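Thanks for coming. Please have a look at it before I start.

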Amino acid sequence: MTQSTLKSWQGIQAEIKRRIANRVWRPGELIPGEMELAAEFGCARATVNRALQGLADSGLLERRRKAGTRVALDPVRKATLEIPITRIEVEAMGCAYRFDILERRRARLPAGITEMMALTEAPDALRIKGLHLADGAPFLYEDRWVNLQAVPAFAEADFSAISPNEWLVRNQPFTRGDIAFSAGNASEEEAECLATDVGVALFVIERVTWSAEIPITVVRLSYRPGYRMATTV
């Protein structure tokens, strides 16, 4: 690795990973401070700080104020999860995409959804049930509640050419979210929509998203039997 490469935060991260992998710095060991590393690599202290913080966020290092930075004794590998737009996911499979609305109605949020959104009162909301299709075959059944206090324009949105999933990504980006993954047995409704049998195992994602402290949506996604999600660590 050249000296010029080591002046970038990416290059510094790569060198730190190399030293940890080669046991130059062992698990639990205190590594040199930011000033010392900046002098060694010939770069700004802020560049070193960015590199170290990124490795701490990934679980490889432990940083404590006034106590320095150590190689994690039991490093936690964190997975990177991308939340895809369903249309793009289907088209990446080489399939034609379509979204069909099965139900669309305006109502107050029910108690369970209100609790998931961490609200004390039930605001006006829009519930949409829909089916994402790949080459005309069921791919994903979606049951979504949207808080109209947070996204009033959603009430009148036209989903003939764009799904609620993609509309929200374009018009109301979220800043944080809670995601739960589970295996669920297909209900009668899910089985009918996904053209499978009642009780068949499905991969299910339940997601709640917020914009700052304002809840936007709660959605339950039930994928067709055999669906597989992959990520990296």
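I will begin with a term: a residue is buried when its relative accessible area is under 20%, exposed when over 50%, and partly exposed in between, using a 1.4 Å probe and protein chains only. Two notes on the source. This is a predicted model, where local features need pLDDT of at least 70 and side-chain atom pairs count only at pLDDT 80 or more, while totals for chains, interfaces and linings use all residues. Residues are numbered from 1 along each chain as its sequence is written, and side-chain values use heavy atoms, with hydrogens and water left out.

Take Glu190 to start with. Is Glu190 buried or exposed? Its relative accessible area is 5%, so Glu190 is buried. It sits in helix H7, residues 188-193. Helices here are DSSP runs of H or I with at least four residues, strands are runs of E with at least two, and both are numbered from the N terminus.

What does the side chain of Glu190 meet there? With Ser222 it makes a side-chain polar contact of 2.7 Å. A polar contact is a pair of N or O atoms within 3.5 Å; within protein, one must be able to donate a hydrogen and the other to accept it, and residues adjacent in sequence count only if both atoms are side-chain atoms. A polar atom of the Glu190 side chain also lies 3.0 Å from the backbone nitrogen of Ser187. Leaving aside neighbours within four places in sequence, Glu190 is in contact (heavy atoms within 4.5 Å) with Tyr141, Asn185, Leu202, Arg220 and Ser222.

Now the nonpolar interior. As background, nonpolar side chains in soluble globular proteins tend to be buried together. By a nonpolar core I mean a set of buried Ala, Val, Leu, Ile, Met, Phe, Trp, Tyr and Cys residues joined through side-chain atoms within 4.5 Å. The largest such core has 16 residues, and those touching the most other members are Ile12, Ile16, Trp25, Val48, Leu52 and Leu61. H1, H2 and helix H3 (45-57) each supply at least two residues of this core. Which of the helices gives the most to this core? H3 does, with 5 residues. Another core, of 15 residues, lies apart from it, and among its members are Ile128, Leu148, Ile162 and Trp167.

Trp25 lies in the loop between helix H1 (9-21) and helix H2 (34-41). Trp25 counts as buried because its relative accessibility is 6%. Beyond four places in sequence, the contacts of Trp25 are Ile16, Arg19, Ile20, Ile31, Pro32, Leu37 and Val71.

In helix H6 (residues 164-171), the buried residues include Trp167, along with Pro164, Asn165, Glu166 and Leu168. Their cover includes H4 and strands S3 (97-108), S4 (124-134), S5 (137-147), S7 (201-211) and S8 (214-223).

On to charges. A salt bridge here is a side-chain nitrogen of Lys or Arg within 4 Å of a carboxyl oxygen of Asp or Glu. How many salt bridges does the structure hold? There are 18. Arg87 pairs with Glu91, the closest N and O atoms being 3.0 Å apart. Both lie in helix H4, 4 residues apart, which is about one turn of the helix. Asp124 and Arg106 meet at 2.6 Å, N to O. Asp124 is in strand S4 and Arg106 in strand S3, so this pair ties together parts 18 residues apart in sequence. Arg144 and Glu142 form another salt bridge, at 2.7 Å between the closest N and O atoms. Arg144 counts as buried at 2% relative accessibility, and Glu142 is buried at 1%. Salt bridges with shared partners also join Glu15, Arg18, Arg19 and Glu40 into one network.

Last, a point on the outside. Ser160 lies in the loop between S5 and H6. Its relative accessible area is 61%, so Ser160 is exposed. The Ser160 side chain makes a polar contact of 2.9 Å with that of Asp158.

That is the tour.
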